[in-house]
Amino acid sequence: MPMYRYVCKSCGHEKVELHSINDNPDITCDVCGSKMERAIGRVGIVFKGSGFYITDSRKSSSTSSSDSSSK
């Protein structure tokens, strides 16, 4: 089951709840008692391998253009 982060609309208190993706529980704040909203979590992305930079897919056309201009 996934973990979801909830943030209070009133006081900004955060808490994490574990429930099914199909559940839509009404979560109340432990501090002030108002309703909390589900927040989008921070996700770390790691790109591995080649092809993620513009220089990886670029041909070495800059050297060939300088060679043709010198002729």
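**Cysteines, core and salt bridges**

Let me start with the cysteines. The structure holds zero disulfides. Keep in mind that this is a predicted model.

The cut-off for a disulfide is 2.5 Å between the sulfur atoms. Cys29 is in no disulfide either. For Cys29 the nearest cysteine sulfur belongs to Cys11, and that distance is 3.7 Å.

Now, buried or exposed? Take Cys29. Cys29 is buried, with a relative accessible area of 6%. Cys11 is partly exposed, at 41%.

What does Cys29 touch, leaving aside residues up to four places away in sequence? Cys8 and Cys11 are among its contacts. His13, Ser34 and Met36 are there too.

That brings me to the core. The largest nonpolar core has six residues. Two cysteines belong to it, Cys8 and Cys29. Tyr4, Tyr6, Ile27 and Met36 complete the set. Which element gives this core its largest share? Strand β1, residues 3-8, with three residues.

Next, charges. Side chains of opposite charge can pair when their charged atoms come close. How many salt bridges does the structure hold? Four. I will walk through some of them.

Begin with Glu14 and Arg5. They form a salt bridge, with the closest N and O atoms 3.2 Å apart. Glu14 is partly exposed, at a relative accessible area of 40%. Arg5 is buried, at 18%.

Then Lys15. Its side chain meets that of Glu17 in a salt bridge, 3.6 Å from N to O. Lys15 is buried, with a relative accessible area of 18%. Glu17 counts as partly exposed, at 24% relative accessibility.

Lys15 also forms a salt bridge with Asp30, where the closest N and O atoms are 3.3 Å apart. This pair links distant parts of the chain. Lys15 sits in strand β2, residues 14-18. Asp30 sits in the loop between β2 and β3, with β3 at 36-39. The two partners are 15 residues apart. Asp30 counts as exposed, at 58% relative accessibility.

So which residues end up in one network, given that salt bridges can share partners? Lys15, Glu17 and Asp30.

To wrap up. There are zero disulfides. Cys8 and Cys29 are in the largest nonpolar core. Lys15 bridges to Glu17 and to Asp30.

Key: Residues numbered from 1 in each chain as written. Predicted model: local features only at pLDDT ≥ 70, side-chain atom pairs only at ≥ 80, totals over all residues. Heavy atoms only, no water. Buried < 20%, exposed > 50% of the residue type's maximum accessible area, 1.4 Å probe, protein only. Core = buried A, V, L, I, M, F, W, Y, C linked by side-chain atoms within 4.5 Å. Helix = DSSP H or I, 4+ residues; strand = E, 2+ residues; numbered from the N terminus. Contact = heavy atoms within 4.5 Å.
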